[in-house]
Amino acid sequence: MGNRLAILALVSLCLLSPIQGSLAGPAPGTFVMVIGDNPDNLNPYLHSLAASSAVYRFTFDSLYTVNLKGEWVPALATGYTVSPDGLRWTFTLRSGVRWSDGAPFTSADVKFAWQLATNRDVHITYATGFDKIASVETPDPLTVVYRLKEPYAPFRDQVMGSAIVPQHLLGSLAADQINRTPFNQKPVGTGPFYVSEFVTDDHVTLTANPSYWGKRARLQRIIVRIVPDQNTQVNLLKAGELNLLNVPAARLQEIARVPTLAVKRYLDPTYALVQLDEYEFLRESAVRQALDYATPKESIIRNVMKGQAEPAVSDMVPNGPYADKRLRPRPYDPVRARKMLLDDGFAPGPGGLLYKGGRRLDVPLWTLSGRAILTQAMQVIAQSWRSIGVNTETRAVSAAALFGQNGPQWNGKDAALLFTWGQGVFPENKINWHSSYIPKDASAPGENDERYSNPEMDRLLDEADRTVDEAKRHAIYNRIQELEFRDVPIIFLFWLVNNTAVTSNVQGYDVTTFNTTPPEEWSTR
Amino acid sequence: MGSYIAKRIIQAGALLLLVSLVAYAIMNLAPGGPLAVYLHNPQVTPERIDLLRHQLGLDRPWYVQYAAWLRGLAGGHWGDSYYTGRPVLEMIAERLPATITLMLSAFVLAMALAFPIGALAATHKYSWGDNVLSFGSFFVWAMPAFWFGLMLQMTFAVRWHLLPVAGMHEIGNTSAGDLLRHLVMPAAVLGVGSVASWSRYLRSGMLEVLGQDYVRTAFAKGLPRRRVLNRHVLRNSLIPIVTIMGLDLSVLFSGAVITESIFGWPGLGRLFLAALNNRDYPLQMAGLMISAALLVFGNLLADLTYAALDPRIRYE
């Protein structure tokens, strides 16, 4: 018995005694961050998960990139010109750039990115804007000329900022081979780091690229750990095993108290909304406006979001260049909302609910299950709508049930859907508001699921696509935002706020709505 | 015995075929689908989604897709993941060692703790120790795995810095010692439920056997207590435990889904959870079939173990 106890004690001692270095946090020159999903594909044109872009952003470059202020700055290109008709975009490429395997970067790579993005036999996911290109010319290794089928102003945001992939490695592969090539797990790029190790579901190691065209990275390596559980991620940060984490709101206060961590707060270009499906009463703008007045946005931001959100009034991110700063959200005013409905012909009926033409004002409110903030916001809104006489039942379901063919959007009845939309920082929103994007069923093209239709909006959206002149484009988007506010196709609730915790030994790291500082500038003391 | 095993294997094959058909049908009838991940993604156009649907063969009726999947399975090809484009078998082989390591550790840990606890509780029934062990068993049985896992992390990793929070290895360190340190908490979380249930079953089994005449006779003959307990009581109490242990193989496998997620363990559980979330049908089917096979063959293994434990049991 004594021997057994001694062995047990010895094993316990071995297991529990700290080993020098193993639990002492990241080594000098190493930066550790975490993602929740295993990157499915590190080819920027084939991936489906945000976890993938969180990794390949270190390995690939685009012609231009966005800085902390949201301005376009040169990357693989050093300059560009646009023809007056907006059909010809000419880029001058940076000389001396090499892929991480040593091969030279040329205009052939830029042309190949377009060929890949439009290859219908490859499992391409992200190719918006490439379909507007008629041809790509490469008069010399450092010049690329895109010829567009029609003037298309969002070209800059959608193509100029897209990753360039190596023609010399992928150009000779058949479509099926591109779908399965090992490149998708261990890509070769021109970025400041290259993937030196990818252990599935565990971590990706990115090593500083010695042939990077820009400043040599100050870090030796970035390790991206793959840990799905958010609480575990926070524990990793608190145990000193991470340098960076986007902290969930529920644990923000706890993290803010840790002296070795600094929290950076910034606006996420994602907004929460209530989509108003216009089938019956919701076709009347007075009803939609009344519901907007009866939606307590400030209260939701304060009580549900615990202050981790900013008021939304349009789909342009408030700190971005296209936001119309003159617009203010409608104040919460249930009395005015009820009066608007009474003025619109509704009258109180059984149970205090409002009726018109013998029909009750039914606006069921749906949201996604599994996201506490959405279900809580749904209850707050429903309670308020009921208080003005709207019959509002609430339901939380899966994404597939909410947006799928059997969901509330396709039954021909009024419905309101609460969810978040990753608008991004660029103004392109034609698919949301143009009447040609009202889908006929769940699988049809278009995101105008609310069925909003306004000829002026259609005209403005078409014009915005064709207008390359920035000042004119701003004026168009200001008017678009006025219409969004006036017509209330959706109720804008709030913009999400992110809180990124960084360990105090990290230098050169910053983050805004638009981007982080370049990773080659990050360092650890 | 040989013909019995062959018969059981054929039955298991038929059962698994039926399971695959039902699972495939339900999977396809559920709302959404593999492309639901792109729904309401501003960067992916509906035209592109349509094209992907066609490329992946998802525009064919589900039974046609099932027949193609079954043909592939018969030919040793379990299909390719919709998301990575990689062969499912290759992805499983990559993660299998991690899951086997975790399951085996949890199994061994559960056995190592459950047997002494169950025996101690039975031989000291209604004592102070028995009451404490009973309370402890019910407590850990009722404890959610994710909560227990997080408590362990906060205590041993965050507060005391004794163990790593998550993962299977420190980056660049693949020593056995490092693996053991990473295994402690996940194996404890995965195995603790089995410790509780197995010890309870063993206690009640032993209590029943302890009341049998042949045990009383053995004691009356003057045999040493330890010998009576080991040879007569424990062995005869094992049959219900063996059944539970056989069935628990699949429970451990499904439990690994949660444990692997909490501890960032790079095993099959996480792979199949991601497959479920993404509706990656080929991977999803592989996970379901492995789980079903573990249940069926765990049961068969338990039946065969009966014969080894009890000479009166014979299979014809």
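User: Which residues does F494(A) touch, not counting residues up to four places away in sequence?

Analyst: Keep in mind that this is a predicted model. Contact here means C-beta atoms within 7 Å. By that test, F494(A) touches Y271(A), A272(A), K297(A), I300(A), I301(A), M305(A), A309(A), E310(A), P311(A) and A312(A).

User: How many residues does the largest nonpolar core have?

Analyst: F494(A) is among the residues with the most contacts inside this core. I222(A), L273(A), V274(A), A377(A), I491(A) and L493(A) are listed with it. The core has 203 residues.

User: Which helix of chain B gives the most to this core?

Analyst: The contribution to look for is 13 residues. It comes from residues 176-210 of chain B. That is helix 7.

User: How many bridges join strand 12 of chain A to strand 20 of chain A?

Analyst: Strand 12 spans residues 261-277 and strand 20 spans residues 490-503. They run antiparallel. One bridge pairs Y271(A) with W495(A). The count of bridges between the two strands is 12.

User: What is the bridge partner of Q275(A) in strand 19 of chain A?

Analyst: Strand 19 of chain A covers residues 415-421. It runs antiparallel to strand 12 of chain A, with 7 bridges joining them. In strand 19, the partner of Q275(A) is L417(A).

User: Are helix 9 and helix 10 of chain B roughly parallel or roughly perpendicular?

Analyst: Helix 9 (residues 225-262) and helix 10 (residues 268-278) of chain B pack at about 95 degrees, with axes 7 Å apart. Angles of 65 to 115 degrees count as roughly perpendicular. Therefore helix 9 of chain B is, relative to helix 10 of chain B, roughly perpendicular.

User: Which residues of helix 10 of chain B make that contact?

Analyst: Helix 9 of chain B brings A256(B), V257(B), T259(B), E260(B) and S261(B). Facing them from helix 10 of chain B are L268(B), G269(B), R270(B), F272(B) and L273(B).

User: How many helices does chain B have?

Analyst: Chain B has 0 strands. From the N terminus on, its elements run α-α-α-α-α-α-α-α-α-α-α. The number of helices is 11.

User: What percentage of helix does chain B have over residues 96-302?

Analyst: UniProt, in an unreviewed entry, places the feature "domain: ABC transmembrane type-1" at these residues of chain B. The end C-alpha atoms of the stretch are 23 Å apart. Strand content is 0%. Helix content is 83%.

Definitions and conventions
Residues are numbered from 1 along each chain as its sequence is written. Chains are lettered from A and ligands numbered from 1 in the order in which they are written. This is a predicted model: local features need pLDDT of at least 70, side-chain atom pairs count only at pLDDT 80 or more; totals for chains, interfaces and linings use all residues. UniProt positions are given in the numbering used here, feature names are shortened, and annotations may be inferred rather than shown by experiment. Helices (H or I, at least four residues) and strands (E, at least two) are DSSP runs, numbered from the N terminus. A nonpolar core is a set of buried Ala, Val, Leu, Ile, Met, Phe, Trp, Tyr and Cys residues joined through C-beta atoms within 7 Å. A residue is buried if 20 or more other C-beta atoms lie within 10 Å of its own, exposed if 12 or fewer, and partly exposed in between; C-beta atoms are placed from the backbone. Two residues are in contact if their C-beta atoms, placed from the backbone, lie within 7 Å. Two strands pair if DSSP finds at least two bridges between them. Axes are lines fitted to C-alpha atoms, for helices over the stretch in contact, and angles run from 0 to 180 degrees between N-to-C directions. Angles under 35 degrees count as roughly parallel, over 145 as roughly antiparallel, 65 to 115 as roughly perpendicular and the rest as oblique.
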